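Trainee: I would like to learn how to read a model of this kind, one feature at a time. Please give me the general idea in each case before turning to the example.

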Amino acid sequence: MLAMLSGAALALTGCMTPQERVEQKADDLAAAGFIVRPANTPERQAMLRRLPPHRFVMSSRGGTVTYVWADPTVCRCLYVGDQTAYDQYRYAARQQRLANERLLTAQLYSDASWDWGAWGPWGPGWGPGLGIGFGW
């Protein structure tokens, strides 16, 4: 069941172009509190190219943890956030995954000509009028 839901979630994101996926991620990072730092000088552009694209990198200096996400393709910038912003991003991503799974689980196939009975009994507790199962 989990594999099926994961596959369906991947299919939904598969409808997006790579650029759209990066743009969505950038929006999510900004909503979580990450700050955009444009690579608007030759020095910054060179540094941006040295980071792994579209991946988080953690830096710790003087007891302060900073998370950086490099986008060399869409905005040509860095998204920089602290631990709070990173935690907020991860929480929102987890909530979105759960919402996607609930949506996929709750979708009802509503073709009136489909004969569910042709598939045989569902087993004890499954079927119409039993309060458990698909409810048709």
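Mentor: Let us begin with a definition: a disulfide is counted where two cysteine sulfur atoms lie within 2.5 Å of each other. Please keep in mind throughout that we are looking at a predicted model. By this criterion the structure holds one disulfide, formed by Cys75 and Cys77, whose sulfur atoms are 1.7 Å apart.

Trainee: What is the handedness of the link of Cys75 and Cys77, in degrees about the S-S bond?

Mentor: The angle about the S-S bond is -65 degrees, and the link is left-handed. Cys75 has 30% relative accessibility and so counts as partly exposed, whereas Cys77, with a relative accessible area of 1%, is buried.

Trainee: Which pLDDT does the chain average?

Mentor: The average over the chain is 82, and 75% of the residues score at least 70. Over residues 1–6, however, the pLDDT is below 50, and this stretch has four contacts in the model beyond near neighbours in sequence.

Trainee: How many helices and strands does the chain have?

Mentor: There are four helices and four strands, and along the sequence they follow the pattern α-α-β-α-β-β-β-α. The chain has 136 residues, of which 15% count as buried. Among contacts between residues at least 6 apart in sequence, 47% join residues at least 24 apart.

Trainee: In what order do the four strands form the sheet?

Mentor: The general idea is that strands of a sheet pair through backbone hydrogen bonds, either parallel or antiparallel. Here the order is 1-4-3-2, the sheet is open, and the pairing is antiparallel. Strand 1 (35–38) and strand 2 stand at the edges with a single partner strand each, so one side of each has no neighbour in the sheet. From one strand to the next, the twist averages 30 degrees. Helix 2 (residues 18–32) packs on this sheet, where it touches strand 2, strand 3 and strand 4, and its direction makes about 155 degrees with that of strand 3.

Trainee: Over how many bridges do strand 2 and strand 3 pair?

Mentor: Strand 2 and strand 3 (residues 64–71) pair over six bridges in the antiparallel sense, and within this pairing Thr64 of strand 3 is the bridge partner of Arg61. Two residues lie between the strands of this hairpin, in which Gly62 takes a positive phi near 60 degrees. Strand 2 (residues 56–61) is hardly covered, since the count of buried residues among its six residues is zero.

Trainee: Is Tyr79 buried or exposed?

Mentor: Tyr79, which has its place in strand 4, shows 7% relative accessibility and therefore counts as buried. Not counting residues up to four places away in sequence, Tyr79 touches several residues, among them Ala26, Leu29, Phe34, Val36 and Trp69. Tyr67 is another of the residues it touches; Tyr79 and Tyr67 are 12 residues apart in sequence and 8.0 Å apart in space, C-alpha to C-alpha.

Trainee: What is the phi of Arg76, which is not a glycine?

Mentor: In general, most residues other than glycine have a negative phi. Arg76 has a positive phi of about 50 degrees and lies in the loop between strand 3 and strand 4. Leaving aside neighbours within four places in sequence, Arg76 is in contact with Pro38, Ala39, Leu48 and Asp71. The C-alpha atoms of Arg76 and Arg37 are 9.0 Å apart in space, while the two residues are 39 residues apart in sequence.

Trainee: Where is His54 found?

Mentor: His54 is found in the loop between helix 3 (42–50) and strand 2. Its phi is near 55 degrees, a positive value in a residue other than glycine. With a relative accessible area of 23%, His54 is partly exposed.

Definitions and conventions
Residues numbered from 1 in each chain as written. Predicted model: local features only at pLDDT ≥ 70, side-chain atom pairs only at ≥ 80, totals over all residues. Heavy atoms only, no water. Buried < 20%, exposed > 50% of the residue type's maximum accessible area, 1.4 Å probe, protein only. Pairing = 2+ DSSP bridges. pLDDT = per-residue confidence, 0-100. Contact = heavy atoms within 4.5 Å. Axes fitted to C-alpha atoms, helices over the stretch in contact; angles between N-to-C directions.
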